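Hi,

Here is the structure I promised to pass on. Have a look at it first, and then read my notes below.

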Amino acid sequence: GRQLLSRDDEALQRLRESDRELVVARVELGLDYQDIANLCGRPSAAAVRIAISRALVRLAAEMGHDRPS
């Protein structure tokens, strides 16, 4: 459990700061897309939704790099 959480956190830390902020706001804090748009100065909830989707793809790729071969 702890080892897995540590690897997840390491992968999250390798993301760009802007991606990390979006992921944390949505996944960990549970903010809705419009609130995140307002907080991050994004033009719309739709723009945030797309940005978070892309950030999550990058996070998944980073997490895949942590898997033992």
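In helix α2, the residues L22, A25 and R26 meet Y33, I36 and C40 of helix α3, where contact means heavy atoms within 4.5 Å. Sorted by type, the residues of this contact are five nonpolar, no polar and one charged. For that sorting, Ala, Val, Leu, Ile, Met, Phe, Trp, Tyr, Cys and Pro count as nonpolar, Asp, Glu, Lys and Arg as charged, and the others, Gly among them, as polar.

Before going on: this is a predicted model, in which local features need pLDDT of at least 70 and side-chain atom pairs count only at pLDDT 80 or more, while totals for chains, interfaces and linings use all residues. Residues are numbered from 1 along each chain as its sequence is written, and side-chain values use heavy atoms, with hydrogens and water left out.

Back to the helix pair. Two packed helices are described by the angle between their axes and the distance between the axes. Here α2 (residues 17-28) and α3 (residues 33-40) pack at about 145°, and their axes are 10 Å apart. The axes are lines fitted to C-alpha atoms, for helices over the stretch in contact, and angles run from 0 to 180 degrees between N-to-C directions.

What about the ends of α3? D32 caps its N-terminal end, with a side-chain oxygen 3.2 Å from the backbone nitrogen of Q34. Just after α3 comes G41, which has a positive phi of about 70°.

Now find I52 in helix α4 (residues 45-65). Which residues does I52 touch, not counting those up to four places away in sequence? They are L22, R26, Y33 and I36. I52 is buried, with a relative accessible area of 3%; buried means under 20%, exposed over 50% and partly exposed in between, using a 1.4 Å probe and protein chains only.

Is D19 buried or exposed? It counts as buried, at 3% relative accessibility. Its side chain has a polar contact of 2.7 Å with that of R58 (a pair of N or O atoms within 3.5 Å; within protein, one must be able to donate a hydrogen and the other to accept it, and residues adjacent in sequence count only if both atoms are side-chain atoms).

As for the whole chain, it has four helices and zero strands. These are DSSP runs numbered from the N terminus: helices are H or I with at least four residues, strands E with at least two. Buried residues make up 23% of the 69 residues.

Cheers
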